[in-house]
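Subject: Structure for your files

Hello,

Here is the structure I said I would pass on, with my notes on it below. Please look at the sequence and the model first, then read on.

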Amino acid sequence: MTKVSKTLLLSLATLLMTLSPLSYADQLLDKVVAVVDDQIILKSELDQKTVETLQQLRAKQIPVNDIHQLQAKVLDNLIMEILQKQRAEKLGLSVSDEEVNQQLVQIATQNKMSLMDLRNRLNMERPNGFIQLRNTVQEQLLIQKLREQEVIGRTLVTEDEINNYLQRNSLDTSRYEYHLRHLLITLPESATEAQRQAAKKQIDDLAQRIRNGESFSQLAVRYSKGSKALSGGDLGWLKNEQIPTFFSDTLATLKPGEVSPVISSPSGFHLIKLIDKRDVDSDMVTQYHLHRFIILSDNATQQTEVPMDIQQIVADTHTLQEFNALKQRFADIPEDVNANSDLGWKTLEQLPFELKERLSEISPNQVAAPIATDQGWILFFLEEERQYSATKANQRQEAINEIRMRKANETFEIWLRRLKDDAFIDIRI
């Protein structure tokens, strides 16, 4: 799944303090700026999204010189979001509340907050701030599911590719991740020679401007057609196996801070900038085998102390059998609330902030101190601990996942372009 980053949270928090609702006059002057199949985009929506994007870029210290050019890029992104959501709806894809909640917990954990602290902070900065973040997370998860089904899931991996991956990894003395920025000038399918020459001239001009000292990030915002253009072309941290093959040879020659020569691919012409690289050779980590049980309550977060009957459950539960017996004790709780209660093996990085602290206070066959949520009180039973080598386990499945992701990254931009080509789009500004 897509991980919603700390940057998203901080950017949203900044935006919530600066954005204001539309005035009555604004609403009266609202107009349609684009039609995408059977949906419309209003000027108010475009204006608000443009302000949000502008604030995000400023938070990353990426200046914007042409607001109209930025607005056009934002409109294109809104169109692509609509097309992807329409496609997801057509395929019957959806995102459950549980999936959204898990992502929100990860955001809170990344920011060293509890989920309640995150909600309170965002709501203080703007009414319904937490709901806005929740909606954003839900949309991103839906689009990620679509990408997994339409692109990643259809990407085939051969036995030779798996064996080559495993052989190469066995020879590596270290494993690196790369932080990249990306600038793409696309080509239409079946491009003419004149179109190729025009695109090549544009990317060459941009490469020269970067060599002359202009900001790669700013030029990516203004000119790139890549899916991460409005983030300054920031692709984040990628493992070597996730990087498109047509980048690999060039990347091997770059040092942090350097920009590649122009790279050609089926989707167009690219420039990449290596921001940094890091060794991620992993050591043994501790994993925890956990089970979860939720006791429903509509006011758990308002209570200053854990109810005595729940404290007693924590004190009296010493075996997994006793913990599982809670389902009979609380038979009035709907079965789906505590379905899939066996969470399997988790590292600390995969757990919510509140639970990390509690695990240090218990041993196997004990229940951690309850956690209050909007849904109720959550109990976690620690069945077992173990030391685990992430680099040696499940190597074959890791190979399949990594190769599939790399190949999917190579074709994603083409898939987006085809999605757009098949739609009816009427831009009115």
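Lys-112 is found in the loop that runs between α5 and α6. This is a predicted model, and in it Lys-112 has a positive phi of about 55° although it is not a glycine. Is Lys-112 buried or exposed? Its relative accessibility is 65%, and a residue counts as exposed when the value is over 50%, so Lys-112 is exposed.

Next, the chain as a whole. The protein chain has 429 residues, and buried residues make up 42% of them. There are 16 helices and twelve strands in the chain. Taking the contacts with a separation of 6 or more, 76% are between residues 24 or more positions apart.

The nonpolar cores come next. Which residues touch the most other members of the largest nonpolar core? They are Ile-41 and Leu-118, in a core of 41 residues. Two or more residues of this core come from each of β1 (32-36), α3 (43-59), α4, α5 (97-110), α6 (115-125), α7 and α16. Among these elements α4 gives the most, with nine residues. Ile-41 itself is in contact with Lys-31, Val-32, Val-33, Ala-34, Val-36, Leu-75, Leu-78, Ile-79 and Ile-82, leaving aside its neighbours within four places in sequence. Another core, of 26 residues, lies apart from the largest one; Tyr-288, Ile-294, Ile-295 and Ile-362 are among its members.

Now the spaces in the model. How many cavities of 30 Å³ or more does the structure hold? There is one. The largest cavity has about 40 Å³ of space. Its lining consists of Val-64, Asn-65, Asp-66, Gln-69, Leu-70, Val-221 and Arg-222. By class, that lining has three nonpolar, two polar and two charged residues. Helices α4 (67-90) and α10 (216-223) each supply at least two of the lining residues.

Leu-219 is also found in helix α10. With a relative accessible area of 1%, Leu-219 falls under the 20% cut-off and is therefore buried. Setting aside neighbours within four places in sequence, Leu-219 is in contact with Leu-183, Leu-206, Arg-209, Ile-210, Glu-214 and Ser-224. Leu-219 and Pro-63 are 156 residues apart in sequence, and the distance between their C-alpha atoms is 9.9 Å.

Which of the elements gives the largest share of the lining of the second largest pocket? That is α16, with five residues. The lining divides into six nonpolar, two polar and seven charged residues.

The last item is Thr-301. This residue lies in the loop between β7 (284-296) and α12 (308-316). Not counting residues up to four places away in sequence, Thr-301 touches Met-116, Arg-119, Ala-372, Thr-373 and Asp-374.

In short, for your notebook:

Regards

Technical notes:
Residues are numbered from 1 along each chain as its sequence is written. This is a predicted model: local features need pLDDT of at least 70, side-chain atom pairs count only at pLDDT 80 or more; totals for chains, interfaces and linings use all residues. Side-chain values use heavy atoms; hydrogens and water are left out. Helices (H or I, at least four residues) and strands (E, at least two) are DSSP runs, numbered from the N terminus. Contact means heavy atoms within 4.5 Å. On a 1 Å grid over the protein atoms alone, a cavity is a set of points where a 1.4 Å probe fits but cannot get out, and a pocket is an open set with protein on both sides within 12 Å along at least five of seven lines; lining residues have an atom within 4 Å of a point. Grid points are joined across faces, edges and corners, and a volume is the space filled by probe spheres set on the points. Ala, Val, Leu, Ile, Met, Phe, Trp, Tyr, Cys and Pro count as nonpolar, Asp, Glu, Lys and Arg as charged, and the others, Gly among them, as polar. A nonpolar core is a set of buried Ala, Val, Leu, Ile, Met, Phe, Trp, Tyr and Cys residues joined through side-chain atoms within 4.5 Å. Buried means under 20% relative accessible area, exposed over 50%, partly exposed in between (1.4 Å probe, protein chains only).
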